[in-house]
Amino acid sequence: MLFVEYPRCTTCKKAKKWLDEHNIEYEDRDIVKDNPQSNELKEWYEKSELPLKRFFNTSGKIYREKKLKDKLPDMTEEEKINLLATDGMLVKRPIIVADTFVLTGFKEKEWEEKLL
């Protein structure tokens, strides 16, 4: 299982602690040093069954600076995925990538249902 995080993010730290407390093994990946590529994001999005908007860090500085709230509705799926691949700080985190599912953000109840 892959755990994609931004190490300075408090939510990511909380999620990582939760994984460790539950003895769940994972491969750690820094989203800034190793930004997800378009093909990975497309695969994760399709596996997640979530709306693509859930992959955007909507509370992030870059999201606000680029005024993406107004631009995303007019963009194609491919354009959105390519945009996410330009900067790890645009991507919602943490992300869990397992064989059969993908989780974005840390919602403890959702994680318990999928991981325990």
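In this predicted model, helix α2 (residues 38-48) and helix α5 (residues 77-84) cross at roughly 120°, and their axes come within 8 Å. The two helices are therefore oblique to each other. As α2 passes α5, the crossing is right-handed. On the α2 side, the contact is made by Ser38, Leu41, Lys42 and Tyr45, while α5 brings Glu77, Ile81, Asn82 and Leu84. Sorted by class, this contact of α2 with α5 holds four nonpolar, two polar and two charged residues.

Now for another helix pair. Helix α1 (residues 10-21) packs with helix α6 (residues 108-115) at an angle of about 35°, and their axes lie 12 Å apart. Here too there is a label for the crossing: α1 passes α6 in a right-handed way. Ala15, Trp18 and Leu19 of α1 meet Glu108, Trp111, Glu112 and Leu115 of α6. The contact of α1 with α6 has five nonpolar, no polar and two charged residues.

Here are the two pairs in brief:

| Helix pair | Angle between axes | Axis distance |
|---|---|---|
| α2 and α5 | roughly 120° | within 8 Å |
| α1 and α6 | about 35° | 12 Å |

Finally, have a look at the pockets. What volume does the largest pocket have? The volume is about 150 Å³. Lining the largest pocket are Cys9, Thr11, Asn57, Ser59 and Gly60, together with Lys92, Arg93, Gly105, Phe106 and Lys107. By class, the lining of the largest pocket divides into two nonpolar, five polar and three charged residues.

Key. Residues numbered from 1 in each chain as written. Predicted model: local features only at pLDDT ≥ 70, side-chain atom pairs only at ≥ 80, totals over all residues. Heavy atoms only, no water. Axes fitted to C-alpha atoms, helices over the stretch in contact; angles between N-to-C directions. Helix = DSSP H or I, 4+ residues; strand = E, 2+ residues; numbered from the N terminus. Parallel < 35°, antiparallel > 145°, perpendicular 65-115°, else oblique. Left-handed = near helix turned anticlockwise from the far one by under 90°. Contact = heavy atoms within 4.5 Å. Nonpolar A, V, L, I, M, F, W, Y, C, P; charged D, E, K, R; others polar. 1 Å grid on protein atoms, 1.4 Å probe; cavity = no way out; pocket = protein on both sides within 12 Å on 5 of 7 lines; lining within 4 Å. Points joined across faces, edges and corners; volume = space filled by probe spheres on them.
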